[in-house]
Amino acid sequence: MEILLVLQKILSMFLIIFIGAFAFKINWLPKESEKYLTTLMINIAAPCLVFYSMQAQDRTEVMAGKAVQSFLFMTAVMLGCSVVAIFIVKLLKAPKLDRGIYRLMIVFTNCGFMGYPLAEAVFGDEGLFLAIIANMAFNIVIFSAGALLLIYDQETTGTIRDTLKKILSIPLVSCTMGLFIFFLGIKFPPLIADTCEILGNMTAPLAMLIVGIQLSQSKVSNIIKNKKLLIVTVIRLIIVPAALFLGLQWVPVDPLVFCVVVFAMCMPAAAYISVLAVRYDSNKILAAEGIFLSTMFSLLTIPVFGMVLNLYLMNL
C-alpha cells in the first residue's frame, strides 16, 4: 500500500476546503453561492459521475457477481449502522438540531472522492471497481435512508407523501438508473461519455468548496470544545470499521468484497452531509466541522486499517 498516496489524497481535500473558506472570506464567493453550488453538485455533477462510472465498467459474469455482492453488502452495512446510530445519538443527548448530523456522520463516509484512489492503492484495479459499486449503494442509501435520518427529529405536519417527496431527489433517481446502465451493459457514445466525465469530475471539488464555505462560518475553538463531535469522530473512524472487520468476517461474500466495503467504512464523514444539511435546513456548520475533524484524524486511522485489511487478504 502506498502510504504517501493516502496522505496526499487526504491533504488535497484540506487544500480545497481551505480554498473554499478563503474565497468566501474575501467575497469571491458570496453567501448565496453555497445554495447554487449545492444545486449544481446534486442535480448535474453527481448524476454525471454516476452515469460515466457505470457505463465505463466492463461487465463480465464474475465481476457482475462480485458487483452484486459489493452493492448488497454495502447497503446492509449502512442500513445496520443507521439503526445503531439512532441509539448512539440518543445516548449522547445531543440538541435536536444536531442529532441528524451526528447520525449521518456515524453512518456515511467519503467513500467516493477519497475512497476510489485509496481503494486502488490498497487493493488494485479490481478493488477500485468494487469501490465504485459500493459507492453506488452509498449514494442510494444516503439520499433515501440518510435523508430520513436527518429529518427524523424535524417538526413536520406533512403526510407520508410529503416526506417521500422530500426524500425523492435527482441523485437517488440517477443512482438507480446507473445500476441499470451497468447491469444492461449500456455504453455511451464518446461525446456523451466525455461530457459526463468532465461534469462528473466537478463533484468532489464542489463538495469540498461547500464544506469550506460552511467551515469559514465556524470557529476552531467550537470544534475543539465540542466533546460530542469528538466522540462521534472516534466512533466514525475507529469503532465502526473495527466492529465491522471483527464482527462480519462470517458473512459469505468474496474476501475482496468484504475488505473493500470495510475499507470504505474507514473513510471520514461524507462531504454529502454538508450538502444534505443545506437542503434540509439542518445544522450545516456542525456538518462542516465534523467533516473537517474526521478528515484530519483519518490521516492516522486510514493507513492503519489499510495495512490490516491488506494483511488479512494476504493471509487467506
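These numbered points walk through some features of the structure above, from its salt bridges to its helices and loops.

1. Before we start, some ground rules. This is a predicted model, in which local features need pLDDT of at least 70 and side-chain atom pairs count only at pLDDT 80 or more, while totals for chains, interfaces and linings use all residues. Residues are numbered from 1 along each chain as its sequence is written, and side-chain values use heavy atoms, with hydrogens and water left out.

2. How many salt bridges does the structure hold? There are 2, where a salt bridge is a side-chain nitrogen of Lys or Arg within 4 Å of a carboxyl oxygen of Asp or Glu. The general idea is friendly enough: side chains of opposite charge can pair when their charged atoms come close.

3. Take E34 and K284. These residues form a salt bridge whose closest N and O atoms are 2.8 Å apart. The pair links distant parts of the chain, since E34 sits in helix α2 (residues 33–55) and K284 in helix α15 (residues 284–314), 250 residues apart. Helices here are DSSP runs (H or I, at least four residues), numbered from the N terminus. E34 is buried at a relative accessible area of 5%, whereas K284 is partly exposed at 24%. For these words, buried means under 20% relative accessible area, exposed means over 50%, and partly exposed is in between (1.4 Å probe, protein chains only).

4. Now look at K66 and E126, whose side chains meet in a salt bridge at 2.4 Å, N to O. K66 belongs to helix α3 (residues 61–92) and E126 to helix α5 (residues 115–142), so the pair ties together parts that are 60 residues apart in sequence. K66 counts as buried at 17% relative accessibility, and E126 is partly exposed with a relative accessible area of 27%.

5. Stay with helix α3 for a moment, where you will also find F71. With 18% relative accessibility, F71 counts as buried. The C-alpha atoms of F71 and L130 are 8.4 Å apart in space, although the two residues are 59 apart in sequence.

6. Which residues form a nonpolar patch on the surface? They are L230, M296, F297 and L300, with about 350 Å² of accessible area together. Such a patch is made of residues with over 30% relative accessible area and no salt bridge, its nonpolar side chains (Val, Leu, Ile, Met, Phe, Trp, Tyr) being joined within 5 Å. The areas come from the Shrake-Rupley method with a 1.4 Å probe, and for residues only the protein chains shown count as cover. Helix α15 gives the largest share of the patch, 3 residues. F297 lies in this helix and counts as partly exposed at 36% relative accessibility.

7. The expected span is 1.5 Å times one less than the number of residues. There is also a kink of about 50 degrees in α15, centred on S298; the bend at a residue is the angle between axes fitted to the seven residues ending there and the seven starting there.

8. Compare helix α10 (residues 203–215). Its 13 residues reach 18 Å from first C-alpha to last, close to the 18 Å expected at 1.5 Å a residue. This helix is mostly covered, with 11 of its 13 residues buried. Among them are T203, L206, M208, I210 and Q214.

9. N27 lies in the loop between α1 (3–25) and α2, and its phi is near 70 degrees, a positive value in a residue other than glycine. D281, in the loop between α14 (272–279) and α15, has a phi near 55 degrees, again a positive value in a residue other than glycine. Buried or exposed? N27 counts as exposed at 61% relative accessibility, and D281 is exposed with a relative accessible area of 66%.

10. Finally, two buried helix residues. S33 is in helix α2 and counts as buried at 8% relative accessibility. Its side chain reaches the backbone oxygen of P30 at 2.5 Å. A147 is in helix α6 (residues 145–151) and is buried, with a relative accessible area of 1%.

Methods. Patch = residues over 30% accessible without salt bridge, like charges linked within 9 Å, V, L, I, M, F, W, Y side chains within 5 Å. Polar contact = N/O pair within 3.5 Å; in protein donor to acceptor, adjacent residues only side chain to side chain.
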